[in-house]
Amino acid sequence: LSVRKLAEKMIQISDNTTSNIILDNLGGMETLNTEWQRWGLTDTHINNWLPDLRGTNVISMRDMARLLYNLEQPTGWLPEAQKSEMKAILLGTMNRRLLVSGVPAGTPVAHK
């Protein structure tokens, strides 16, 4: 599978196997934790392969807001083409039961 297809499965259906493949190919947990710290995501850590049944993999609301904010900025961590791809993947999430409640019909909801 391409990285794009792996990312789609990881986000859109919460597939743990594809998440682990991506984590491994990006250098593993230690490499990603170091990179996230460099990005300023001080409350984001991955400590276990998925599924993390002990709940030790964490991201704070502040770090999530920072990530989403940077997706909407003209400059930032990623080129525009990659930001567009990320948004398209987030818009395709299959489980839409909880987050769209009360949102007007037809409103795009991008989430994980």
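Leu68 is found in helix α4. Helices, like strands, are DSSP runs numbered from the N terminus (H or I, at least four residues, for helices; E, at least two, for strands). The model is predicted, so local features need pLDDT of at least 70 and side-chain atom pairs count only at pLDDT 80 or more, while totals for chains, interfaces and linings use all residues. Residues are numbered from 1 along each chain as its sequence is written, and side-chain values use heavy atoms, with hydrogens and water left out.

Leu68 has a relative accessible area of 44% and is partly exposed. The classes are buried (under 20% relative accessible area), exposed (over 50%) and partly exposed (in between), with a 1.4 Å probe and protein chains only. Together with Ile59 and Met64, Leu68 forms a nonpolar surface patch with about 250 Å² of accessible area. Patches are made of residues with over 30% relative accessible area and no salt bridge; like charges are joined within 9 Å, and nonpolar side chains (Val, Leu, Ile, Met, Phe, Trp, Tyr) within 5 Å. Accessible areas come from the Shrake-Rupley method with a 1.4 Å probe, and for residues only the protein chains shown count as cover.

Helix α4 has twelve residues, and its end C-alpha atoms are 17 Å apart. This agrees with the 16 Å that the helix should span at 1.5 Å a residue. The expected span is 1.5 Å times one less than the number of residues. Asp63, Asn70 and Leu71 are buried in α4. They cover an arc of only 110° around the axis, which puts them on the same side of the helix. The arc is that of the directions from the helix axis to the C-beta atoms. On the other side of α4, Met61, Tyr69 and Glu72 are exposed. The buried residues of α4 pack against α5. Contact here means heavy atoms within 4.5 Å.

Glu72 also takes part in a salt bridge. Its partner is Lys87, and the closest N and O atoms are 3.3 Å apart. The pair links distant parts of the chain: Lys87 lies in helix α5 and Glu72 in helix α4 (residues 61–72), 15 residues apart. Lys87 is partly exposed at 26% relative accessibility. Glu72 is exposed, with a relative accessible area of 53%. A salt bridge is a side-chain nitrogen of Lys or Arg within 4 Å of a carboxyl oxygen of Asp or Glu.

Eight salt bridges are found in a search of the whole structure. One of them joins the side chains of Glu85 and Arg4, at 2.9 Å from N to O. Glu85 lies in helix α5 (residues 80–91) and Arg4 in helix α1 (residues 3–12), so the pair ties together parts that are 81 residues apart in sequence. Both residues are partly exposed: Glu85 at 35% relative accessibility, and Arg4 at 31%. Another salt bridge connects Glu8 with Lys5, where the closest N and O atoms are 3.3 Å apart. Both residues lie in helix α1, three residues apart, about one turn of the helix. Glu8 is buried, with a relative accessible area of 16%. Lys5 is partly exposed, at 43%. Arg4, Lys5, Glu8 and Glu85 are linked in a network of salt bridges.

Glu8 is one of the buried residues of α1, along with Leu6, Ala7, Ile11 and Gln12. The cover over the buried residues of α1 includes α2 and α5. Just after α1, Ser14 takes a positive phi of about 50°. This is a positive value in a residue other than glycine. Ser14 lies in the loop between α1 and α2 (16–25). It is partly exposed, with a relative accessible area of 42%.

In the loop between α3 (28–38) and α4 lies Pro51. The peptide bond from Leu50 to Pro51 is cis, with omega near 0°. Gly76 lies in the loop between α4 and α5. Gly76 is partly exposed, with a relative accessible area of 49%. Leaving aside neighbours within four places in sequence, Gly76 is in contact with Asn70 and Lys83. Asn70 is among the buried residues of α4. The C-alpha atoms of Gly76 and Arg97 are separated by 31 Å, and the two residues are 21 apart along the chain.
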